[in-house]
Structure formats: C-alpha cells, structure tokens
Amino acid sequence: MTRLWAAGALAGLLAGSAQADPLALLDRNGAFVSVEPYGPNIVRVTISDQKDLALASPGPGFLGASAAAGWTHQAGASGDVFRSGALSVEVSPQPRRGPPSQMERYFASALPPVSVTFRRGDGEVLTRMNGWDLAPHTVNGEKTFKAGASFSVAPNEHFYGLGQNQEGILDHRGRTIDCRHNYDAPAGETVCVPFLVTNRGYGVLWDNPSQTTISAAVNGSTRWTSNVGERVSFFVIAGATSDEIYAGYRKLTGVTPLPPKAAFGLIQSRARYENQQQVLDVAEGYRSRGYPLDVMVVDWFHWTRMGQMDINPVDWPDPAGMNRQLHANGLHSIISVWPRYEPEGRYFNYLASKGWFLKDADGKPVDGLPVRNDRAGALLDTTNPEARAWFWEKIRDNIASQGFDWFWLDETEPDLVPSGYFYSVGSGDRFYNLYPLVHPQSVAEGSRRDRPNFRNLILARAAYTGAQRHGSLFWSSDIQSTWEALRRQVPTGLNFTASGFAYWGNDIGGWQSLPAEHKAERPLLVDPSDARESVGGYEDYPELFVRWFQYGTFTPTLRIHGLRKHSEVWSYGKDAEAHLARFLKLRYELIPYLYSLGKQTYDTGAPFMRALWMDFPNDPTVANIGDAYMLGPAFLVAPVTEQGVTSRKVYLPAGTDWYDFWTGTKAAGGQWIDAAAPIDRIPVFVRAGSILPIGAPVPNTMTPQKIAAIRVYPGRNARFALYDDDGVTNDYEKGRGRTAVLSWDDAAGRLSVSGDKALAGDPARLLQVVGR
C-alpha cells in the first residue's frame, strides 16, 4: 500500500493543524528556519525545505503556546540573533553554494546548511546545532525521510533522560539510545521520552514521535535521527537550575497532577488474585496484622474473554460488594483493563466495522503478534478520539460501575508493535511512540468528565512526551526477579524521572517467575526456611525481597507485584516479615513528607526522585553516580543491590554536611564513606538544613494522620512547605488544600510556622533537633 505524504497532509496531523507563531522565518538558501520562543528560557527551532512545514505547529504531546514577550530580533551581516534575558539564539548566515565538487556530488548533503548557536543570558555557549539532514527513504509505503540534526558537545558535558533504558547506566555520554517502546529489549522494556537533559543547564526536547536514535557525545557531537519525518523540530530549554528546565518542560507539555494520597501508600498486587475472596482475605491479612495498606489490585484474566470488558461472575460474584467492603475499611481498588480484543469477543465485529483497530496495509485488523505466539487479539486504535471515548464509556459502564476506583492500563507501549501497520492518524512507523500518550488520555479525560471531583489515577507501562498530564503512575514493566534486575532499576528510574516524569516505580520483587533453584553467593542475611511455599528453592529470594522493599520505601510509589504464588509482606518467612513490616510502617511515617513533595511537583514540574547531578551541579563526582539519589530535598538514598553484603560505599556530595538517618551521626560532604548496611537498614542520609515531618501511625491514608514529630537536621537555615488536603478530590486544583510553612533559623536554633499552623501540630512539643 503506497502512501505519498504531501506537506499539507502532514501538517494536518500535527497538533490541531494550527500554524506556529515564530518570531521570524528565515530563508537560508532554501532551508526555512523558524525561531519560535515559548518563554524567556524556551525556544523552538524548526527547519525544513518546505515553508509550510517549517511554520507548522509542534507535533503530538505539546500544549504550550508561543510567547515572544521580552525577546528581540536583530539581523545583520553576522546572522540573525534572537535574544531574551535568559537565552539567545543565533542563526548563522550561509553563503550561496556554488557547483558541488566531485566528492560533494556523491557524499555531501543536498540540503542547504543551517547552523544555530544557543547561549545562556551571560553569553556562554550552551550548544550549537551544526548540521541537519533529510535522507530520503520509503517506510511502510510512504516516501519520506530520516530526519536528523547534530549538536556540539562540551568536554565535561553529561546527558540524562530519554525515558526508560534498563541497561543500568545513568550517563548517556558515549552511548547510542534506541528511543522507542520495546517490550522485548534484552535488559527490560525501553520507553521513549525524547527529552535529553544535560548537566550544563539546558535540555533538548525533540519533536518527532517516530522511532529515534540519539548518540550522545559520540565522535564529538550529539546526533538525533528519527526514522520518519519531513522536517527537524526541537525545543531548547535553558535553566540556571535543573528545576528551571523542568518548569520549562511543564510549560510545554502539561502539569503533573497530584495523585490521590493512596498512591503514596502501599499498593498490593499479584499476578494474579484469582477471585474476590482472595482480594478480601489479603486485605484482611494486612488489617489483622496491623500493617498499613491503601490499594488492592485486580490484575488480568478477571474477564470472561480478552476484550469482553467484563468481570467473570463465577470468581467475582459480587465485585460491587467487594469494593464496598474495601472502601468501608479505608481501602481503594485498581483493576486492569487491556486494549486488546479477540475476534470471538462481543465487541470485535463492532470495532472492526468502525475501523477502530490497528490495521494492516489492506485495512484488516492486526490480530496478535506471531513473533511471540501472541493470541490476545487486535489492538484498539486510541489515536482515534471516537475510539478513546468508546473505551472509557465501556470502562465506566461495565467496570467502574462496580465500584472500582482506578484503572491499570496495561500494554500502553503498545505490546502489539505498530511498525508496518496503520493507525487512524497514519503510519504506525510515523507515530511509533504515540500510543502511550493517547491511550491513557481516554481514561483521564473520561474520568474527569464523568467523575469530575474524584481524583484520577492510572497505572501505565509506557510514556511519551506529555503523558505525565494524564495522572499515571509508571512502572518498569515485567522485569526479572534477580539481583541484577534490582541493580538496574536504580539508574533506570533516575533517567525516567529526569525525563520529566515524577511518578516511576517497579514491581517490588520483580515480576517474572522465580527459578526452581538458586543458591546464594554469600551467607544468607534472611532465613528462607519457613518461606518455601512462596520461594521454593530460591534460597536468597527473601533477602532480595527485603532489599527491594527497602529501596521501594524510598521511591515515589510502593507497589508489590509479581508472578508468584504469594506476594504479601508475610509471604517470605518470619525473618523477612519483621524487616518488611518495619519499612512498611516507616513508609507511612514519611507520607506527610512525600505528599508535600507531590504538591511541589504539581506546582513546579520538577521530579522529587532525583539523580545527584540535579542538586549538586558543582560537584563533578556525581555526574555518573546512578546507584544513589535524592528523594526530595532531605534524603540521600543508597539502595543495597548485592546479596549478602552488610556495607556499601556511598558518596556524600560536597557543599553540605550529612546525617546518618538511622544513627544521627554527622559526616562532611565531598567524600566516599563505607556505610553500614545490615539487613535491617539501607544507607540513608539526610542533608544538613533539612526539615522532616514525621506522620503518626495510620492503617491507610483515608485515616487522618497527625504529625508525630518534626525533625530538624541543623547546619543551615531550612524551609519546608508541609501540605495536606482530602487526598481524593480535585479540590486541590482550586487551592483548597492546607499548607504550613516550617522555617528553621539555624543561628537562633528556632523553628517557626506560618500558614495553617494547626497542620503542623504543636512544634514546640514535636521538635526534634538531630545531634543536639
């Protein structure tokens, strides 16, 4: 099926078909260059040999409006210079080229050259786009181009973000990243968010949803190449701090909602609870043991057939009653809904008649992936807004009506790979990475319309530019249940959050089945003898689970899942249970801190699980530390990811002192230390000049939680905005939450409170100054 894409047809697919509003459109000998500011520190550059494509709006994912206030444009012999107080853009002049040389006839680009230099407000060069390219080829029947551009690299520049890559390396410098959704990537599923952030105060946000490769600082330049495109379009966001860069991302792509407070508590899942009695029994197991819990998850195969969008009445005879019982105990529920439809199912023929499936070149629904013997049916094409509306309506009427609170949208990458096929908006190759943006949009928009004051929450397995605005918690897919997988999770999550997505987590304990036998390399730290029903011959798995849970306690979301017979905190033996219970209770003590960080992300766009380079840009040692991170402004977390070890090396960044969270011992920054890591703790340090509100014990987040202590870690002045609201409605968007600003005067040794003072309790009684 041959599809020749005219420029006008392509422009019609881009973000509402609106034209861009550039400050200027320059002609460099037939290369049209559009320069379009979106704020004093944000600029978009678009280059094409077709004027209408250079003027077309950004592609999918972008919401921001151009804003040229404060920018000037000066044209002269040295080129065109666009300048604000924070950023300048210089488009170099280009002399007309004469006839090509013999070598140029065959090897040089036929496109007119374009060079663009980006400087911060003080004149320092951030980067130069020193080449662009459109290489003709045919993809999925379309005569199109590989579209690319190259950028200069500084000697000590390091690169982060680009979504999810699970190879276990934080810094992308010297690497080539395949930016596409790939469930079958060898190290674990990859996810494409084409946002590359550097430690030199800028980020590049690429505007192309096709499969893209990024070679960062390879042979002296950073090269972007997208498989399908007729133009080069990208944003540069500058920032004196990393938070300013993420504020720019927020402005361009949308706000990260504050999740329901339950999302910060324990989310309990298993692949899978087979009936409603199991769900209720597990919930009761937490209650009877005095362990806090917030969400029970119903995973796949609760339906009668894939795509029926129903609940099997044999195993789930009264799902509404089950949910009433959960709600009465302060709990919520999440249920999995897939976008796949078997031909034998009740909706397949209707959806096929509407053309609402991913289709082959002959217009027939694509039914499964033969490469994996996949028999899960056809993929709902939610690039089509009518299909999105239908999907939510069926969820609302068939499933939400049974009292389920939130929805797990599995296979959002999608699992049925779109290359070689067609969506309603066009070629699956052209829009390869689009699905995880538009598919959760169905539930986000539908829930907002039909449940206007009930806060939305989605579990999603993939993302694309702007997907953070749909209220999703993202996780790292179906990872292995091994120490190696745990080690890879730490840098994986840090690059994902560095891509502008605050809420990332993973299946605690891994998802894949446990091997029948596994011997520990070192002496065991957790006794597995009374856990054989759950772990079989995997003798060090209880220890692995404890270490994984300790790590999860200090991540944005805490969710147990896995393809295991049992997955609850009491499933791994009494020895493991004691450690898990301690950290589970600690997690709930930290909810006032974590929930306040979530509000800060809503306000600013900045993630709160942060690689060390974000907060310590002047310390070169942290550039490629991917096995430790900050959780908000206070915590430095260094997970233990090796079996049998009771200490590990931790780098304490320079410029501040650090307190051991467990002992209160103070150490100077700028040094490596050997941190104690017995099985009952992992290395956690608190930055001097931190205020940490500690919550009282609660069984779930629906129970009002008082502040039990306010810990101050002295050494400098400190400030923390403690925030709270009802945790379930959207009233926070209307400013109806409560904020108490806690301020510490280090010289005077005095804590003061402003705002809603009652929220902080009695500071004089609750104050704990560590080390004094």
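A: With a pair of helices. Two packed helices are described by the angle between their axes and the distance between the axes. In this predicted model, the axes of helix H5 (residues 276–289) and helix H6 (residues 319–328) come within 10 Å and cross at roughly 5°. H5 and H6 are therefore roughly parallel to each other, since angles under 35 degrees count as roughly parallel.

Q: Which residues of H5 and H6 make the contact?

A: On the H5 side the contact is made by Gln276, Val279, Leu280 and Ala283. H6 contributes Pro319, Met322, Gln325 and Leu326.

Q: How is a pair of aromatic rings to be read?

A: A pair of aromatic rings is described by the distance of the centres and the angle of the planes. There are 48 aromatic pairs in the structure. In one of them, phenylalanine 195 and tyrosine 249 have ring centres 5.1 Å apart and planes at 15°, so the pair is stacked; the limit for stacking is an angle under 30 degrees.

Q: Which elements hold phenylalanine 195 and tyrosine 249?

A: Phenylalanine 195 is in strand E12 (residues 195–198) and tyrosine 249 in helix H4 (residues 242–253). The two residues are 54 residues apart, and their pair links distant parts of the chain.

Q: Are phenylalanine 195 and tyrosine 249 buried or exposed?

A: Phenylalanine 195 is buried, with a relative accessible area of 0%. Tyrosine 249 is likewise buried, at 1%.

Q: What geometry do the rings of tyrosine 541 and phenylalanine 545 have?

A: Their centres lie 6.2 Å apart and their planes stand at 50°, so this pair is tilted. Tyrosine 541 and phenylalanine 545 both belong to helix H12 (residues 541–553), where they are four residues apart, about one turn of the helix. Both residues are buried.

Q: Which residues do ring pairs link into a cluster?

A: The cluster consists of Tyr341, Tyr347, Phe348, Tyr350, Trp356, Phe357 and Trp390, joined by ring pairs.

Q: Where does a charged side chain lie over a ring?

A: Arginine 289 lies over the face of tryptophan 570, at 3.9 Å from the ring centre. Lysine 599 lies over the face of tyrosine 723, with a distance of 5.0 Å from the ring centre.

Q: Which strands are joined to E13, and by how many bridges?

A: E12 and E13 run antiparallel and are joined by three bridges, with valine 197 opposite glycine 203. The hairpin of E12 and E13 has three residues between the strands, and in this hairpin glycine 201 takes a positive phi near 90°. Five bridges join E13 to strand E16 (residues 232–238), again in an antiparallel run; here tyrosine 202 stands opposite alanine 238.

Q: In which sense do strands E17 and E18 pair, parallel or antiparallel?

A: Strand E17 (residues 266–268) and E18 pair in the parallel sense over two bridges. Isoleucine 267 stands opposite valine 295 in E18. From strand E18 (residues 295–298), Val295 and Val297 point one way and Met296 and Val298 the other way, and all are buried.

Q: What is the order of the open sheet of three strands?

A: The order is E41-E42-E43, with antiparallel pairing. Strand E41 (718–724) and strand E43 (750–755) each have a single partner strand, so one side of each is left without a neighbour in the sheet. The twist averages 20° from one strand to the next. Strand E42 (residues 738–745) pairs with E43 over six bridges, and the bridge partner of leucine 742 is valine 753 in E43.

Methods
Residues are numbered from 1 along each chain as its sequence is written. This is a predicted model: local features need pLDDT of at least 70, side-chain atom pairs count only at pLDDT 80 or more; totals for chains, interfaces and linings use all residues. Side-chain values use heavy atoms; hydrogens and water are left out. Rings of Phe, Tyr and Trp (its six-membered ring) pair if their centres lie within 6.5 Å; planes under 30 degrees apart count as stacked, over 60 as edge-to-face and the rest as tilted. Buried means under 20% relative accessible area, exposed over 50%, partly exposed in between (1.4 Å probe, protein chains only). A charge sits over a ring if NZ of Lys or CZ of Arg is within 6 Å of the ring centre and within 35 degrees of the ring normal. Axes are lines fitted to C-alpha atoms, for helices over the stretch in contact, and angles run from 0 to 180 degrees between N-to-C directions. Angles under 35 degrees count as roughly parallel, over 145 as roughly antiparallel, 65 to 115 as roughly perpendicular and the rest as oblique. Contact means heavy atoms within 4.5 Å. Two strands pair if DSSP finds at least two bridges between them.
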